Amino acid sequence: MSDYGMDDELEQEYLAECREHLATIETDLLAIERGGAEIEEQLVNHVFRAAHSIKGGAGFFDLAKLRELAHKTESALDLIRSGQMVPTPEAVSILLMAFDKLRELIGNHRESNGAEIGEFVSALTALAAGSLPEAEKSSLTEQVGVEVADATRHIQVSAFDLNQARKGGKCVYLIEYDLIHDIERRNTTPWEVFKGLMQCGTILETVFDLESAGTLDDEPSNKLMLEVLYATVLEPDYLKGVVDVPPQRVRLIEKNGAIRPLAGPVPEPAAQLNPAESAPKAVAPATVPGGETTIRLNVTLLDSLMTLAGELVLGRNQLNESLARRDDRGIHSGAQRVSLVTSELQEIVTQTRMQPIAGLFSKFPRLVRDLGGDLGKDAQLKLEGGEVEIDKTILEGLSDPLTDMVRNAVDHGIELPAERTARGKPASGTVTLKASHQAGQVVIEISDDGKGLAAEKIASSAIAKGLISREQVQGMSEREKMALIFLPGVSTADKVSDVSGRGVGMDVVKTNLDRLGGKIEIDSGPGRGSHFRIKLPLTLAIIPSPLVSDGGERFAIPQVSVGELIRIPVAQLAERTDRVGDAEVLNVRDRLVPLLHLSDALGVPRRKSAAKALNVVLVDTGAFEYGLVVEELHDTVEIVVKPLGRHMKGLHDYAGATILGDGHVALILDVAGLATRAKLTAGTVEAGNRREAEDSGAAGEMHSLLVFHNAPPETCAVPIEQVSRIERVRPAQILQLGGRRTMQYCGASLPLVALHDTAAVGEPTAEQQLVVIVFERLGRPLGLLAAEPLDMVEVALNIDAVTLRQRGIVPIATVRADNQCNFGKWLYGPEISGGEKQTPQYQDLRQRHAEFHEQASKVAQLAMAGQREAADKALSGDFSVASSSLMTLCRN
Amino acid sequence: MIQVSRLDNRAIVRPDGMEMVAGSIPELRVAMRGMIEEGVRELVVDLTDVRMVDSSGIGLLISAYNSLRKAGGHLAVIHASPDIRELFRTMRIHQHFSVSGN
């Protein structure tokens, strides 16, 4: 057995080496192609040597097909090296495909001797012969027909069924029962056996070997063969408890379709029974199975790991000793030491998982070349920052979304050469992939100099697909419209191509990136290309997470999905929450976000009593935000993510688990999963916001105003969106410099203006608490001197351009302080519930009340302006009408 | 005992033991073989009394099916208990000959 193990180790080493060779071959071959007839000998030699060493090892390990194919590629490369053959794109294509096949064979080397490589060999032979028959050429360029090997000789089951069965981390086994030996001779019945199987899994399919029973004329058969395809959560080690047959007759069907017996080769008698079993049963799988099992490490990294392990031992010794001596100080310093070493260890171990992104980038030159060729486009790929390192898991997860995006860039971004020249661009388009470190994150940028994205086109595609309403789009900024491309089904392509344009691209990209904790932004415009920016965390293994608790259990929520923590005192509850349809929503700075009670999601009763406040964690699923209501909020801690067990994989509420400082296990919530299960969607929010819009539609356009005071009796307001900051000031802080007021603000001098400088209004007095409202004007801050109290109102703006018009004041007479009088305060206050505020009676009352104030302020303005007669007239006219209609309404 | 009723080339076999297991198989086997030799082409096995079928029992039914198929006949199982029907369905035997209940 030890010999076998040795062989195995050598073989693994050989395979790892092959993979390394293959990783660089693609780039080299592409460079050779670019060189054309001018051969760069070093490059060709490099590829040649790679093919040669693959061939050598294959011979040693008796991998015949692998050897043959490697030999053929080697011969073709030899011709290129000696200048007898020009590396035309055609020749390089064949070589690339041959190396692809080699990679596939290596990925599944045990099955490789049964693989079909004839077409590659003949293509390479023809290539070497200098002529390539047309028929064979086409057979090469076609997709190599590879079927998923789910079918053995007997059992046929569709790939779909198999995939369904695999959901929830189940294993699929092919079990061969002999009804006589495995069942009857063990004093049981088939019925008992099947019942046992069905308790622990599902029988997908069975096939009875009718021939094995013989006819009535034959001797009673002592072998009745039944094949059972069985899906269960039990892993091979535990299967024995349920399936009582020799392990060599139980096979595990792996995800890639490979079939692996649980024990050594099938012994002779069984082989005789099923003669076809020895025939090639599994077609080679389409993909190279599994990830790499080994990685290369820098020796210095390994050394520092060793040093730290030593330190850890010393720390432990110190702790043990101090504990034995009950030496508090010793325990303290020991703990400190251990914690120091741990964080260093954490850092170094994280580094070992770091891989340069170049490995991922290297597959794109080929992709761009092949795509460009297929689409008749001339595209160059520029790679930058390949040395940037990122966690292995993230790197693997990035492969798909990046491929999609590069594909999109070539297919949709880069125009055809003729079109490019017509627009005055170089005929050859450039796609740039760039990685860099920024603020503890990895940023990957994908840009192209193609035709760019038109925000309008995206928006209209989204409207056409019914994903969003025209009204919603009208209020959107360019950037928001651009972001609609991440909604499922949105596409800007005029026609669907083989490559992309079916509108399944960007939303999948986004989902994949969300899973990695990444964020994506777009910057693009018609004619100026597209620029995508992906921000990714360095690692997923250790992440900061706030802890929350509900129903007596603690949960972690990854920091990346947490927007903010909000605590709403019970007194404000009615004011800040509302119901839209059957969903609860929370008002967060004039945005409505749906609320989800964690206790509901978990199915534990909500805690009613003693809740002094509602604790809300505002989380972002990537697609939308919602508020997760939890019982308690705790600290933020760094957690180590542990994956959930196989058969818990189906629980989409949790992203994993972690162990807390006190040894308890806490589950990590998957905020997107929770939302999906609670059927919470962006639609809920939009419904809410839409109703809000309808509300305001009745009363004119709604605006948020910051209300402040000037001189004591004067109430003024500014639109809140223009305000960048509000600062309290003491009169002493205001400096007079050359007739202008300034103050020190953020280390610079801030010019101050006051309303009475320009408008005919009073001056704030020294008794009032002064504030400075800071605006951003032409890129510079500007302060407006004002006085407290401050308030925020949301009002319908009816602009009155007649009554009050003077410099410095936009004629907005509508801040008629109708929420400042006592009645108004009640009217707008929290005592009236959200539901009541929706009633027509309330709306009517509010409208009348507003009219009353408007008329009152008109009278006051006229009186102040000295227009006595007009004031009298208004008082007895419009004002009295408004006032009496309000009174009538109030009485009712 | 085995009850047999015959009509031309059609026969109904009704094993009366509670179990169709290894011990009772040889007798049934001989009886069935005899019937097919005598020209029976439609063999119906009535499982009214049978509560359990074991591996040998299944083997016997399959052998009978194979023999009948060679001779150009059919096999049917009637009055099978729910458990037995479920077993036959699980083993996909019912795809080869008809299995019906009460």
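Guide: Two residues are in contact if their C-beta atoms, placed from the backbone, lie within 7 Å. Axes are lines fitted to C-alpha atoms, for helices over the stretch in contact, and angles run from 0 to 180 degrees between N-to-C directions. This is a predicted model, in which local features need pLDDT of at least 70, side-chain atom pairs count only at pLDDT 80 or more, and totals for chains, interfaces and linings use all residues. Residues are numbered from 1 along each chain as its sequence is written, while chains are lettered from A and ligands numbered from 1 in the order in which they are written.

Visitor: Which strands does helix 2 of chain B lie across?

Guide: Helix 2 of chain B lies across strand 4 (42-46) and strand 6 of chain B. Relative to strand 6 of chain B, helix 2 runs at about 145 degrees.

Visitor: How do helix 1 and helix 2 of chain B lie to each other, parallel or antiparallel?

Guide: Angles under 35 degrees count as roughly parallel, over 145 as roughly antiparallel, 65 to 115 as roughly perpendicular and the rest as oblique. The axes of helix 1 and helix 2 of chain B cross at roughly 10 degrees and come within 11 Å, so these two helices of chain B are roughly parallel to each other. On the helix 1 side of chain B, the residues that meet helix 2 are B:I25, B:L28, B:R29, B:M32 and B:I36. Their counterparts in helix 2 of chain B include B:L60, B:A64 and B:L68. For composition, Ala, Val, Leu, Ile, Met, Phe, Trp, Tyr, Cys and Pro count as nonpolar, Asp, Glu, Lys and Arg as charged, and the others, Gly among them, as polar. By that scheme, the residues of the contact between helix 1 and helix 2 of chain B comprise 8 nonpolar, 3 polar and 1 charged.

Visitor: In what order do the strands of the open sheet of chain B come?

Guide: Strands of a sheet pair through backbone hydrogen bonds, either parallel or antiparallel. Here two strands pair if DSSP finds at least two bridges between them. The open sheet of chain B has 5 strands in the order 1-2-4-6-7, and its pairing is mixed. Strand 1 (2-7) and strand 7 of chain B are the edge strands, each pairing on one side only. Strand 1 of chain B runs antiparallel to strand 2 (residues 10-15) of chain B over 6 bridges. In strand 2 of chain B, B:I12 stands opposite B:S5.

Visitor: What is the phi of B:H79?

Guide: Most residues other than glycine have a negative phi, and most peptide bonds are trans. B:H79 is not a glycine, yet its phi is positive at about 55 degrees. B:H79 sits in the loop between strand 6 (74-78) and helix 3 of chain B. A residue is buried if 20 or more other C-beta atoms lie within 10 Å of its own, exposed if 12 or fewer, and partly exposed in between. B:H79 is partly exposed because 16 other C-beta atoms lie within 10 Å. B:R92 also has a positive phi, near 60 degrees, and is placed in the loop between helix 3 and strand 7 (98-99) of chain B. With 14 other C-beta atoms within 10 Å, B:R92 is therefore partly exposed.

Visitor: How many residues of chain B are in contact with chain A?

Guide: On the chain B side there are 25 residues, in contact with 22 residues of chain A. Helix 1 (25-37), helix 2 (55-71) and helix 3 (82-90) of chain B each give two or more residues to that side. Helix 2 of chain B gives the most, 10 residues. The chain B side divides into 11 nonpolar, 8 polar and 6 charged residues.

Visitor: How many helices and strands does chain A have?

Guide: Chain A has 30 helices and 31 strands. Of its 892 residues, 30% count as buried.

Visitor: What is the strand order in the open sheet of 6 strands in chain A?

Guide: The order is 15-19-20-18-17-16, with mixed pairing. Strand 15 (562-569) and strand 16 (577-580) of chain A form the edges. From one strand to the next, the twist averages 35 degrees. Inside this sheet, strand 18 (residues 591-597) and strand 20 (residues 625-630) of chain A pair in the parallel sense over 3 bridges, and A:L596 has A:L628 as its bridge partner.

Conventions
Helices (H or I, at least four residues) and strands (E, at least two) are DSSP runs, numbered from the N terminus.
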